[in-house]
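This report describes the fold of one protein model and the surroundings of its ligand. Please keep the sequence and the structure in view while reading.

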Amino acid sequence: MVAEVHSRSWRQFKETLSLLTLALRLKRSRADLVYKMLGTHNNLAEESLFLNLGYWEHATTYDGACTALARELAKDAHVKDGQAVLDAGCGFGEASAFWSDTYKLSRLVALNITESQIEVGRKRWADKKVEFVLGSALDMPFESASFDTILALESSFHFPDRVQFFREALRILKPGGTLAIADFFPLDVKITIKQRFKEWLGRGFWQIPQANWIGLQKVQDQLKAIGFKHVSLRDVSPFVFKPFKIFAKDRIKDPKVSQRLHPLLAKAWGGAHSGLERSQYVVLIVKKQN
Ligand SMILES: C[S@@+](CC[C@H](N)C(=O)[O-])C[C@H]1O[C@@H](n2cnc3c(N)ncnc32)[C@H](O)[C@@H]1O
């Protein structure tokens, strides 16, 4: 028991150092370090290892909400049996495993820059037809015109040069192929200095580059300038932020969860979410021209 407490304290001490290093921007463009620090224990999940805010229209559990978000993204992207699909920024591969069960895909690749997540995903989903690939969304190790659909489930906000990801997506998509993004974008609303400071710390910790902290219209303009054709846009904010916040506030009180969470993360997840409060969460679908 004493040894257990000691090892947890030591782990949390190391996590505190990582957290501060990231939040204070001593390291930049290193989303892999965020997820290395989070490990498999710093999350709000029940059985899964999902890491997104979830879609809470009908869900009552975190796992259910995250699965629902994966479902909504694939549904809006019109994923079909027989397609070659890329999960860009796949976490532990939870969404890929779900898509692999839902569709009979010809190929399903789960790409991630975080080595520890790829290692866990490979073991966890050894029985699924998912190819795990370690690599960056900015320089994807795939042939041109090789995918029908790219699904970026709450990952593109990290990409250090998101426009470069859009270019790469255009390259590896087949003509008529689809890029589908579920992500949050800031709204142009006034916030207090205190909120701004918290947002600055949060963006540091989550490694959200300044260049990505732009409104959705600008992002859509970037996609258009690169050559993507707009298909659909769905603002799902009411089904994401508020219900997630209510859930998280309660979830961190569960002793099983509070024991494994780093205290600062528990405080952030249980708190005001100031960066997210002035954001919109959308499912955005664009296509490469035929
Ligand atoms: C918020 S998590 C979402 C994970 C997963 N999609 C899910 O919903 O559970 C963001 C993921 O993007 C990955 N990521 C961040 N930057 C990346 C990059 N440049 N290339 C590939 N993956 C990246 C992270 O390692 C992490 O797995």
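Which element gives the most to the shell around the ligand? Helix α2 does, with 3 residues. The model is predicted: local features need pLDDT of at least 70, side-chain atom pairs count only at pLDDT 80 or more, and totals for chains, interfaces and linings use all residues. Residues are numbered from 1 along each chain as its sequence is written.

**The ligand shell**

Of the 24 residues around the ligand, Ala-31, Gly-89, Gly-91, Thr-114 and Ser-155 come nearest; a residue is near a molecule if its C-beta atom, placed from the backbone, lies within 6 Å of it. Two or more residues of this shell are given by each of α2 (31-38), α4 (94-102) and β2. Helices (H or I, at least four residues) and strands (E, at least two) are DSSP runs, numbered from the N terminus. By type, the shell holds 12 nonpolar, 9 polar and 3 charged residues. Here Ala, Val, Leu, Ile, Met, Phe, Trp, Tyr, Cys and Pro count as nonpolar, Asp, Glu, Lys and Arg as charged, and the others, Gly among them, as polar.

**The sheet**

An open sheet of 7 strands has the order β3-β2-β1-β4-β5-β7-β6, with mixed pairing. Strands β3 (131-134) and β6 (228-235) stand at the edges with a single partner strand each, so one side of each is left without a neighbour in the sheet. From one strand to the next, the twist averages 20 degrees. Two strands pair if DSSP finds at least two bridges between them.

| Strands | Bridges | Sense |
|---|---|---|
| β4 and β5 | 6 bridges | parallel |
| β5 and β7 | 9 bridges | antiparallel |
| β6 and β7 | 7 bridges | antiparallel |

In β7, Leu-284 stands opposite Ile-181 and also opposite Leu-233. Strand β5 is largely enclosed by the rest of the structure, because 10 of its 14 residues are buried (20 or more other C-beta atoms within 10 Å of the residue's own, with C-beta atoms placed from the backbone). The chain passes from β4 through helix α6 (residues 162-172) to β5 in a right-handed β-α-β crossover: with the strands pointing away from the viewer, the path from the first strand over the helix to the second runs clockwise.

**A helix on the sheet**

Helix α3 (residues 62-76) lies across β4 (147-153), β5 (173-186), β6 and β7, at about 145 degrees to β4. Contact requires C-beta atoms, placed from the backbone, within 7 Å. Axes are lines fitted to C-alpha atoms, for helices over the stretch in contact, and angles run from 0 to 180 degrees between N-to-C directions.

Notes: Contact = placed C-beta atoms within 7 Å. Buried ≥ 20, exposed ≤ 12 C-beta atoms within 10 Å, placed from the backbone.
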